[in-house]
Amino acid sequence: MMKKRVVLLLIFLLCLSSVYALTFETSLTPVKSRINIDEEAIFTLMLRNDLTTIENFIIFTNQVEWSLSADPPSARNPKLYPETKQYINLKLKPTSYIRPGLHSVPIGIKNAETKETRTINANVELKGADGNVGTYLPGM
């Protein structure tokens with residue numbers, strides 16, 4: 001009988017943790033991800049609030065080589081009503097000389113109330129002055 005209670009308690013705790021993990025969802029869709037050094041990459045972020053309360057979010061990147069902005073600028077701190085979703089246009093621009101090539105820029109989305117943070121990567125293909133991506137030729 002004691003084992004049965006322990007098993008039921010464990011199942012209950014697992015259910016609680018899985019419900020807590022579903023506070024918000026994100027996805028990132030590239031609109032313009034292949035850019036020159038002086039251009040901006042554009043992505044559409046889908047952010048969905050799965051809670052039954054109004055939630056405030058913060059969108060950021062810790063990569064100092066990239067500048068993150070939103071259109072409109074206030075969309076970097078969206079407020080989502082219960083069980084709704086919002087589409088946000090994000091722009092990434094290189095701030096200093098970055099070598100041409102493929103870059104994975106982490107974008108963080110933080111729920112200001114629950115402090116839960118998710119990271120989603122924006123893959124940017126940066127072309128050089130000659131229009132080529134920084135690739136290496138195989139050695140002979």
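What is the relative accessibility of R48, and how does R48 count on that scale?

Analyst: Some notes on the source come first. This is a predicted model, in which local features need pLDDT of at least 70 and side-chain atom pairs count only at pLDDT 80 or more, while totals for chains, interfaces and linings use all residues. Residues are numbered from 1 along each chain as its sequence is written, and side-chain values use heavy atoms, with hydrogens and water left out.

R48 has a relative accessibility of 27% and therefore counts as partly exposed. On this scale, buried means under 20% relative accessible area, exposed means over 50%, and partly exposed lies in between (1.4 Å probe, protein chains only).

R48 belongs to strand β3, which spans residues 41–49. A strand here is a DSSP run of E with at least two residues, numbered from the N terminus. Strand β3 pairs with strand β7 (residues 85–94) in the antiparallel sense, over eight bridges; two strands pair if DSSP finds at least two bridges between them.

The term means a side-chain nitrogen of Lys or Arg within 4 Å of a carboxyl oxygen of Asp or Glu. As a general point, side chains of opposite charge can pair when their charged atoms come close. R48 meets E25 in such a bridge, at 2.4 Å from N to O. Because E25 lies in strand β1 (residues 24–32) and R48 in strand β3, this pair ties together parts that are 23 residues apart in sequence. E25 is partly exposed, at 31% relative accessible area. R48 forms a salt bridge with D50 as well, at 2.8 Å from N to O, and D50 is partly exposed at 24%.

Another one joins the side chains of E125 and R34, at 3.1 Å from N to O. This pair links distant parts of the chain, 91 residues apart: E125 sits in strand β9 (residues 117–127) and R34 in strand β2 (residues 34–36). E125 is partly exposed at 23%, and R34 is partly exposed at 43%. Both strands belong to an open sheet of five strands in the order β2-β9-β8-β4-β6, with mixed pairing. Its edge strands, β2 and β6 (79–80), each pair on one side only. Strand β8 (residues 101–111) and β9 pair in the antiparallel sense over ten bridges, and L102 has E125 in β9 as its bridge partner.

Leaving aside residues up to four places away in sequence, L92 touches several others, including I35, F43, W66, V105 and V124, where contact means heavy atoms within 4.5 Å. E39 is also among the residues that L92 touches; their C-alpha atoms are separated by 8.7 Å, although the two residues are 53 residues apart along the chain.

Methods. Helices (H or I, at least four residues) and strands (E, at least two) are DSSP runs, numbered from the N terminus.
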